[in-house]
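Biologist: Before I rely on the labels attached to this chain, I would like to hear how each of them was reached. Could you take me through them one at a time?

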Amino acid sequence: GTSGTVLTSNGTAWTSAVPSGGGSGSTVDIPFVTTGLTAGAVCYVSGNNALTAANATAIATANAFGVVAVVGGAGTGRVRTQGIYANANFVSGLTLVAGQTAYLSKTAGKLTNDVSAYTTGNVYVPVGIITNVTTAGGGNGAADVAGNLDLLIVV
(Lines give C-alpha, C1' and ligand atoms only; values in the text may rest on other atoms or scores of the structure.)
Protein backbone atom coordinates (compact mmCIF):
# COMPACT_ATOMS: atom_id res chain seq x y z
CA GLY A 1 0.00 0.00 0.00
CA THR A 2 0.85 3.68 0.08
CA SER A 3 3.38 4.93 2.63
CA GLY A 4 1.70 6.34 5.77
CA THR A 5 -1.44 4.22 5.53
CA VAL A 6 -2.62 1.47 7.85
CA LEU A 7 -4.28 -1.82 7.03
CA THR A 8 -7.59 -2.46 8.82
CA SER A 9 -10.35 -5.01 8.63
CA ASN A 10 -14.09 -4.49 8.98
CA GLY A 11 -14.57 -8.22 9.52
CA THR A 12 -15.18 -8.93 5.85
CA ALA A 13 -12.55 -7.06 3.86
CA TRP A 14 -9.16 -5.33 4.31
CA THR A 15 -8.68 -1.64 3.51
CA SER A 16 -5.59 0.56 3.40
CA ALA A 17 -6.11 4.20 4.42
CA VAL A 18 -4.51 7.16 6.22
CA PRO A 19 -5.38 6.85 9.93
CA SER A 20 -8.08 9.26 11.11
CA GLY A 21 -7.65 11.61 14.08
CA GLY A 22 -9.22 11.27 17.52
CA GLY A 23 -7.34 8.25 18.76
CA SER A 24 -4.04 6.46 18.70
CA GLY A 25 -2.14 3.55 20.15
CA SER A 26 -1.53 5.63 23.29
CA THR A 27 -5.24 5.95 24.09
CA VAL A 28 -6.32 3.94 27.13
CA ASP A 29 -10.03 3.42 27.96
CA ILE A 30 -10.79 1.72 31.27
CA PRO A 31 -14.23 0.29 32.16
CA PHE A 32 -15.66 1.91 35.31
CA VAL A 33 -18.97 2.76 36.88
CA THR A 34 -19.78 6.19 35.43
CA THR A 35 -23.33 6.56 36.79
CA GLY A 36 -24.09 10.20 37.58
CA LEU A 37 -21.37 11.55 35.27
CA THR A 38 -21.67 12.91 31.74
CA ALA A 39 -19.47 12.17 28.74
CA GLY A 40 -16.56 14.63 28.70
CA ALA A 41 -16.49 15.07 32.49
CA VAL A 42 -13.14 14.99 34.28
CA CYS A 43 -13.31 12.50 37.17
CA TYR A 44 -11.34 11.05 40.08
CA VAL A 45 -11.51 7.72 41.91
CA SER A 46 -13.57 8.43 45.05
CA GLY A 47 -13.96 4.86 46.37
CA ASN A 48 -13.90 1.22 45.32
CA ASN A 49 -14.46 1.39 41.55
CA ALA A 50 -16.38 4.63 42.11
CA LEU A 51 -15.82 7.82 40.14
CA THR A 52 -16.84 11.36 41.02
CA ALA A 53 -16.54 14.63 39.08
CA ALA A 54 -13.12 16.16 39.87
CA ASN A 55 -12.51 19.80 40.80
CA ALA A 56 -9.52 21.95 41.71
CA THR A 57 -10.76 23.24 45.08
CA ALA A 58 -8.91 20.64 47.22
CA ILE A 59 -6.31 17.90 46.85
CA ALA A 60 -8.88 15.20 47.70
CA THR A 61 -11.05 16.10 44.68
CA ALA A 62 -8.29 17.19 42.30
CA ASN A 63 -6.50 13.90 41.69
CA ALA A 64 -7.98 13.61 38.20
CA PHE A 65 -8.07 10.07 36.84
CA GLY A 66 -9.44 10.65 33.36
CA VAL A 67 -12.24 11.95 31.17
CA VAL A 68 -15.49 10.03 30.75
CA ALA A 69 -15.67 8.72 27.18
CA VAL A 70 -18.87 6.63 27.46
CA VAL A 71 -21.49 6.78 30.22
CA GLY A 72 -22.77 3.46 31.56
CA GLY A 73 -23.36 1.30 34.60
CA ALA A 74 -20.91 -1.06 36.33
CA GLY A 75 -18.14 -2.05 33.93
CA THR A 76 -19.89 -0.51 30.91
CA GLY A 77 -18.85 3.11 31.24
CA ARG A 78 -15.44 3.98 29.78
CA VAL A 79 -12.89 6.48 31.07
CA ARG A 80 -10.05 7.74 28.88
CA THR A 81 -6.90 8.09 30.98
CA GLN A 82 -4.56 9.30 28.24
CA GLY A 83 -4.61 10.17 24.58
CA ILE A 84 -7.23 12.44 23.00
CA TYR A 85 -10.08 13.47 25.28
CA ALA A 86 -12.73 14.17 22.63
CA ASN A 87 -15.31 16.82 23.55
CA ALA A 88 -13.90 17.37 27.04
CA ASN A 89 -16.17 19.63 29.12
CA PHE A 90 -14.96 23.19 29.73
CA VAL A 91 -16.47 25.94 31.84
CA SER A 92 -18.92 27.85 29.61
CA GLY A 93 -18.07 31.29 28.27
CA LEU A 94 -14.33 30.78 27.77
CA THR A 95 -12.49 31.62 24.57
CA LEU A 96 -10.66 28.38 23.77
CA VAL A 97 -7.66 28.35 21.45
CA ALA A 98 -5.79 25.32 20.10
CA GLY A 99 -2.38 25.07 21.75
CA GLN A 100 -3.49 26.41 25.15
CA THR A 101 -3.09 24.36 28.33
CA ALA A 102 -6.29 22.83 29.71
CA TYR A 103 -6.43 22.79 33.54
CA LEU A 104 -8.86 21.13 35.93
CA SER A 105 -11.48 23.74 36.85
CA LYS A 106 -12.86 24.64 40.26
CA THR A 107 -16.24 23.64 38.76
CA ALA A 108 -16.82 19.90 39.21
CA GLY A 109 -16.11 17.82 36.10
CA LYS A 110 -14.98 20.77 33.99
CA LEU A 111 -11.75 22.10 32.47
CA THR A 112 -10.55 25.69 32.09
CA ASN A 113 -7.83 27.61 30.29
CA ASP A 114 -7.95 30.45 32.86
CA VAL A 115 -6.51 29.87 36.33
CA SER A 116 -6.08 33.55 37.20
CA ALA A 117 -8.67 33.33 40.03
CA TYR A 118 -7.04 30.33 41.75
CA THR A 119 -6.06 31.10 45.35
CA THR A 120 -4.43 29.39 48.33
CA GLY A 121 -5.68 25.82 48.63
CA ASN A 122 -6.64 25.47 44.97
CA VAL A 123 -4.81 22.82 42.98
CA TYR A 124 -3.34 23.41 39.51
CA VAL A 125 -3.85 20.25 37.46
CA PRO A 126 -2.63 20.61 33.87
CA VAL A 127 -4.73 18.02 32.06
CA GLY A 128 -3.41 18.52 28.53
CA ILE A 129 -3.25 20.75 25.49
CA ILE A 130 -6.32 21.93 23.57
CA THR A 131 -6.02 20.38 20.11
CA ASN A 132 -9.33 21.17 18.41
CA VAL A 133 -11.99 23.77 19.15
CA THR A 134 -13.79 23.72 15.79
CA THR A 135 -15.37 20.27 15.53
CA ALA A 136 -15.81 19.95 19.30
CA GLY A 137 -17.72 23.23 19.68
CA GLY A 138 -15.09 25.32 21.46
CA GLY A 139 -16.58 28.41 23.06
CA ASN A 140 -19.71 26.42 23.87
CA GLY A 141 -18.02 24.53 26.66
CA ALA A 142 -16.19 21.71 24.83
CA ALA A 143 -12.95 21.03 22.97
CA ASP A 144 -10.64 18.13 22.17
CA VAL A 145 -7.67 17.86 24.54
CA ALA A 146 -4.50 15.75 24.18
CA GLY A 147 -3.37 14.72 27.62
CA ASN A 148 -1.90 12.37 30.14
CA LEU A 149 -2.96 13.02 33.75
CA ASP A 150 -0.07 12.71 36.16
CA LEU A 151 0.75 16.04 37.83
CA LEU A 152 -0.73 18.08 40.71
CA ILE A 153 0.57 21.51 41.67
CA VAL A 154 -0.79 22.80 45.01
CA VAL A 155 -0.96 26.57 45.53
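Modeller: Let me begin with aromatic pairs: rings of Phe, Tyr and Trp (its six-membered ring) pair if their centres lie within 6.5 Å, and planes under 30 degrees apart count as stacked, over 60 as edge-to-face and the rest as tilted. On that basis, a search of the whole structure finds three aromatic pairs. This is a predicted model, in which local features need pLDDT of at least 70 and side-chain atom pairs count only at pLDDT 80 or more, while totals for chains, interfaces and linings use all residues. Residues are numbered from 1 along each chain as its sequence is written, and side-chain values use heavy atoms, with hydrogens and water left out.

Biologist: Why is the pair of phenylalanine 32 and phenylalanine 65 called edge-to-face?

Modeller: The ring centres of phenylalanine 32 and phenylalanine 65 are 5.3 Å apart and the planes stand at 70 degrees, so the pair is edge-to-face. This pair links distant parts of the chain, since phenylalanine 32 belongs to strand 3 (residues 28-32) and phenylalanine 65 to the loop between helix 1 (59-62) and strand 6, 33 residues apart. Helices (H or I, at least four residues) and strands (E, at least two) are DSSP runs, numbered from the N terminus.

Biologist: What makes phenylalanine 32 buried?

Modeller: Buried means under 20% relative accessible area, exposed over 50%, and partly exposed in between (1.4 Å probe, protein chains only). Phenylalanine 32 has a relative accessible area of 12%, so phenylalanine 32 is buried, whereas phenylalanine 65, with 24%, is partly exposed.

Biologist: How do you know that the pair of tyrosine 118 and tyrosine 124 is tilted?

Modeller: For tyrosine 118 and tyrosine 124 the distance is 5.2 Å centre to centre and the angle between the planes is 45 degrees, which makes the pair tilted. Tyrosine 118 counts as buried at 10% relative accessibility, while tyrosine 124 is partly exposed, with a relative accessible area of 21%. Ring pairs also link Tyr103, Tyr118 and Tyr124 into a cluster.

Biologist: Why is threonine 95 called exposed?

Modeller: The relative accessible area of threonine 95 is 65%, so this residue is exposed. Threonine 95 lies in the loop between strand 7 and strand 8 (101-104), and, leaving aside neighbours within four places in sequence, threonine 95 is in contact (heavy atoms within 4.5 Å) with Gln100 and Asn113.

Biologist: What makes strand 4 and strand 6 a pair?

Modeller: Two strands pair if DSSP finds at least two bridges between them. Strand 4 (residues 42-47) and strand 6 (residues 66-70) have two bridges and run in the antiparallel sense, with cysteine 43 opposite glycine 66.
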